[in-house]
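The exercises below concern one protein chain. Work through each task with the coordinates open, then compare with the solution.

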Amino acid sequence: MAATRAADTARVQCAAVSKLYFRYAAMNAGKSTALLQAAYNYEERGMQVRMFTAAHDDRAGSGVVASRLGLARAAETFGPDTVFDAAWLAESPAAPVACLLIDEAQFLTPEQVRQLHRLAHVHDVPVLCYGLRSDFRGDAFPGAAALLTLADDLEEMKTICACGRKASMNLRVDDQGRRVNEGEQVVIGGNERYRAVCPGCFYSDDDTDPARAPGLFG
Ligand SMILES: [Zn+2]
């Protein structure tokens, strides 16, 4: 009997454990739209969420998650010094927190990803992260690499290259539309823009004029 109760307890505890989710994609795949939809789904059921975006992402103004479809909401921001630990959670103004939603999750540090994984599994808070997998050189963002390593649930969100194939890479282009192949992984306040392309288009200009890359159409 005692053994059965112990087994039941273990099962209940396991069933209550939440997950760390990583929804990754190239640029413009609708990650922010999906995040806002997830927040809405929780709130529609009377549950509270906390939304975050990277502090240095100022495309939509600081502390805003903005969808290309026109939706936008205020969000908290995280920087490299943000600590997502149990004490932080306990002080949450939105207690109990039904879910943490994190946009631009590629800018998390590996340590923050570890903290979020711990919050999900030890403190039973689901954490949904949305972000890029690789930068304009095809290298992993450290936060994305950590998420790909630790997340319990991975899903690639699809978007389409100008050539019609699935886009999984990101090109950086300057304000003239020319491809940029060198530079810092993150340029704060720069004029660079990005285009989602398939791997074929990503490599197609290796030996040609960068401005002719097929992925630069449109
Ligand atoms: Zn392509």
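Two residues are in contact if their C-beta atoms, placed from the backbone, lie within 7 Å. Helices (H or I, at least four residues) and strands (E, at least two) are DSSP runs, numbered from the N terminus. The model is predicted, so local features need pLDDT of at least 70, side-chain atom pairs count only at pLDDT 80 or more, and totals for chains, interfaces and linings use all residues. Residues are numbered from 1 along each chain as its sequence is written.

**Exercise 1. Find which residues of H2 are buried and what covers them.**

Step 1. A residue is buried if 20 or more other C-beta atoms lie within 10 Å of its own, exposed if 12 or fewer, and partly exposed in between.
Step 2. Lys31, Ser32, Leu35, Leu36 and Ala39 are buried in H2.
Step 3. Viewed down the axis of H2, the buried residues fall within an arc of 135° (taken from the directions from the helix axis to the C-beta atoms), so they line one face of the helix.
Step 4. Gln37, Asn41 and Glu44, on the other side of H2, are exposed.
Step 5. The cover over the buried residues includes strands E1 (20–25), E2 (48–54), E3 (64–66), E4 (72–74), E6 and E7.

**Exercise 2. Give the strand order of the open sheet and name its edge strands.**

Step 1. Two strands pair if DSSP finds at least two bridges between them.
Step 2. The 6 strands follow the order E5-E2-E6-E7-E1-E8, with parallel pairing.
Step 3. E5 (76–78) and E8 (153–156) are the edge strands, each pairing on one side only.
Step 4. E2 and E5 run parallel and are joined by 3 bridges.
Step 5. Thr53 stands opposite Thr77 in E5.

**Exercise 3. Are Glu104 and Asp124 buried or exposed?**

Step 1. Glu104 is in the loop between strand E6 (97–102) and helix H4 (110–122), and its phi is near 55°, positive in a residue other than glycine.
Step 2. Glu104 counts as buried because it has 26 C-beta neighbours inside 10 Å.
Step 3. Asp124 is in the loop between H4 and strand E7 (127–132), and its phi, near 60°, is also a positive value in a residue other than glycine.
Step 4. Asp124 counts as exposed because it has 12 C-beta neighbours inside 10 Å.
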